[in-house]
Amino acid sequence: MDAIRPHKGRVLVVDDDSSLSEMLTIVLRSEGFEPRVCPTGDQAMAMVREFKPDLVLLDLMLPGKDGVDVCRQIRGESGVPIIMLTAKSDTIDIVVGLESGADDYVVKPFKPKELVARLRARLRTYEDEVPETLQIGDLDIDVAGHTVKRNTAPLFLTPLEFDLLVCLARKPWQVFTREVLLEQVWGYRHAADTRLVNVHVQRLRSKVERDPENPAIVLTVRGVGYKAGGPDSG
Amino acid sequence: MEAADQVPPATPRVAPRTVASGAGRWLAASWRVLTSPVRAVLGWWRRSIQARVVIGVLTLSAVLAFLAGWVLLTQVTNGLLDGQRKSALTQAAQGFAAAQSRLDQEDVVAESDPGAPLNQLLDDLAPHDEASGDYTVIVIGPLADVLANQPQTWAPRLSSQLDVASSVPAELVTQIQSAPGSYWAYTGLHRTPADSSHPALVVGSQVTVTSQAISYGLLYVFPLAEQQQTLSVVERGLLGAGAVLIVLLSTIAWLVTRQVVTPVRLARRIAERLAAGRLEERMHVRGQDDIARLGQSFNQMAGGLQRQIRQLEELSRVQRRFVADVSHELRTPLTTVRMASDLLYEAREDFDAPTARSAELLQDELNRFEGLLTDLLEISRFDAGAAALELSDVDLRASVRHVLEANSPIARRRGSSFVVTIPDEPAVVQADARRVERIVRNLVVNALQYGEGSDVEITVAAQPDSVCVVVRDHGVGLKPGEETLVFSRFWRADPARTRTRGGTGLGLSIAVEDTLLHGGVLDAWGRPGRGAAFRLVLPRRVGAPLTPAPLVVAEEPPAPVGAPYARLDRDPGIEPR
């Protein structure tokens, strides 16, 4: 299920610290990835276009263009999974990073295994899955085709947002706690930072809801978590 | 379900007390209603300088006006009456002389009945017109009979209508009878015995019918109605003037105190706003008087405070910034080292023994270093006041389960097992889930480190206003006095042995800071060789007061619910901020 296809291993490392970049390269290469290093934020976008990475490892503190800006810029063009590397565990920095479009974050100093696990979770594919269509609200989801349509008009979701939506839509009767979503969508085995869920639900809503203030697709169940709106609602 | 079953039997037991206290409440309530205006006035009196000054001035000026009015009235009365008396005495003296000379005449001598000449005398003496005066002339006598009180014989002869018995004072008659000469007295006139009293001056003298040697009393009665009218006018005037004076003085006092009190009240309001954090608030200064100078000084003080606070805020900001920078600068190389070390550690079997061991040591110490760095950064965040709570509803049972699950490998390694007592109902508090879990983790890790392989007992208990977690071990324990020291930074129960135990020495300090952030209490109990117990009490709502309980030094740790082991308000290692 978590099989890594050969072309699903290109990782762009955007980090100004050459030692750390080199070390990351060594570790990633030993794990079968194909890493490339980008030392400044200004070049990051060009590298993304040229290298077409399957995943971006992005340091939040960069000389030149800030990591948050880089993240926003990449998101403007591509849904490529982005994992932030951050030295700050302060809430505000992490939330700002996530809101700028990062899928996940890893706080320095991290263990190589932890990082690789995060990478794999974001790179996993569903190639073996049978064709499956789901309905949530007025949306049609083609799971195998990775597309979401509202009245035949496609909506553009990042892979993570797509996974989140599919997870909720598969069991519309079930209320998902943030911890369960973290495990099923992000691949965390232990309960981690539930802010990840909050931020990405907001991002997802801004794309799929007709009125994000008054959601009909992703409903909040106060004090518990989230659930999918029924096929009829919305 | 259980709670619902318990309610009915409890109700009848409680009911009589409720009634009694209900009656008491009613009494107390009515007492409050009755006394509330009094209390309002008293409160107003206590709080308001203006009220005290105005009421004081009112009272004093009333006393002053009363005294002045009284003195003035006495003076005027005396002056008026003295003049009247002098003229009355003169007029009476002339009358007496005329009467006596008339009675001395021959023709009176011839008469045996003195009635006719006396009537004649009255006609002569009585006022004939307005100009000659308004008075009454009375003859009483003979005086011997008057004193013997024989009315039929001394029936008075009057020049006008008057009830003599009640109008002429008996003392005066006695004086007239006792010796010749003129006497006077003030009296009240009655036209009939039932008539109301009119003030008057009575002047009297003896007149003697020489031929018969019989003495009669001749009395002049001067009514004082005019004088009384004047006096009442003066009295009314004085009353009015006094009232106006009192009102005026009170108004002046009110205005003057307002001049002083208004800026003081303004200063109070501004001070309150300053205290509430609105540092830019200033008093409006006008003029150069004392009040203006007070305002200036006040503003200077506010400015000084604002500068100081801004400076401290700036310092705190710089400190926080520094911590963030240090954090970043340290973490990036540490990450590289960490990854390199991991790589070496994974490959250690390919190395020779000393190098492999070195890789292991590097790995272990790197773990410790990392833990230490994390803890230090956390502590410095507390010290900078930068720690903030992210509140949500946290079920402490879940937090405890998470921590135990994560730490069961360590427990197995050390030979300890967890004995858990957790209630069935949720133990939900408003708290920062990450911090609460960290507190519990620090307590559990501490218990494992010092538990010497003994079982670690974890108890969660829910109370109406708080939730409590007790972590108890049966290891080395604490010596007396160490119950508070144990929370100090880098404090070690046994310095010689701790290096092998690992840990950063900051875990419990951080736990205390986290607890205080929630407004909770973290305390410890311990006996040497018998283990230690740490108890965390968190209020259901952050900052809600926990009912304080007396310090208890017990041989066994008290039950989770109840008195604290040893109250600890702040890490003794930190200077108060």
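User: What should I know before we start?

Analyst: Residues are numbered from 1 along each chain as its sequence is written, while chains are lettered from A and ligands numbered from 1 in the order in which they are written. This is a predicted model, where local features need pLDDT of at least 70 and side-chain atom pairs count only at pLDDT 80 or more, while totals for chains, interfaces and linings use all residues.

User: Where is B:G69 found, and what is it in contact with?

Analyst: B:G69 is found in helix α2 (residues 49–103) of chain B. Helices (H or I, at least four residues) and strands (E, at least two) are DSSP runs, numbered from the N terminus. Leaving aside neighbours within four places in sequence, B:G69 is in contact with B:L238 and B:G242; being in contact means that the C-beta atoms, placed from the backbone, lie within 7 Å. The C-alpha atoms of B:G69 and B:A241 are separated by 9.0 Å, although these residues are 172 residues apart along the chain.

User: What makes a group of residues a nonpolar core?

Analyst: The members must be buried Ala, Val, Leu, Ile, Met, Phe, Trp, Tyr and Cys residues, joined through C-beta atoms within 7 Å. The largest such core has 62 residues, and those with the most contacts inside it include A:V14, A:L57 and A:L165. Helix α6 (residues 159–170) of chain A gives the most to this core, with seven residues. A second, separate core of 47 residues includes B:A411 and B:L508.

User: What does A:L165 touch?

Analyst: Leaving aside neighbours within four places in sequence, the contacts of A:L165 include A:I136, A:I141 and A:V148.

User: How do you know that β7 and β8 of chain A pair?

Analyst: Two strands pair if DSSP finds at least two bridges between them. Four bridges join β7 (residues 139–142) to β8 (residues 147–150) of chain A, and the two run antiparallel. A:D140 stands opposite A:K149 in β8(A). These strands belong to an open sheet of four, in the order β6-β7-β8-β9 (chain A).

User: Why are β6 and β9 of chain A called edge strands?

Analyst: β6 (133–136) and β9 (153–155) of chain A each pair on one side only.

User: How does α6(A) lie on this sheet?

Analyst: α6(A) lies across β6, β7 and β8 of chain A, at about 80 degrees to β6(A). Axes are lines fitted to C-alpha atoms, for helices over the stretch in contact, and angles run from 0 to 180 degrees between N-to-C directions.

User: How do you know what span to expect for helix α8 of chain A?

Analyst: The expected span is 1.5 Å times one less than the number of residues. α8 (residues 195–208) of chain A has 14 residues and reaches 20 Å from first C-alpha to last, close to the 20 Å expected. Its buried residues include A:L196 and A:V208.

User: Which residues join the two chains?

Analyst: The contact takes 18 residues from chain B and 17 residues from chain A. α10(B) gives the most to the side of chain B that touches chain A, with 13 residues.

Conventions: A residue is buried if 20 or more other C-beta atoms lie within 10 Å of its own, exposed if 12 or fewer, and partly exposed in between; C-beta atoms are placed from the backbone.
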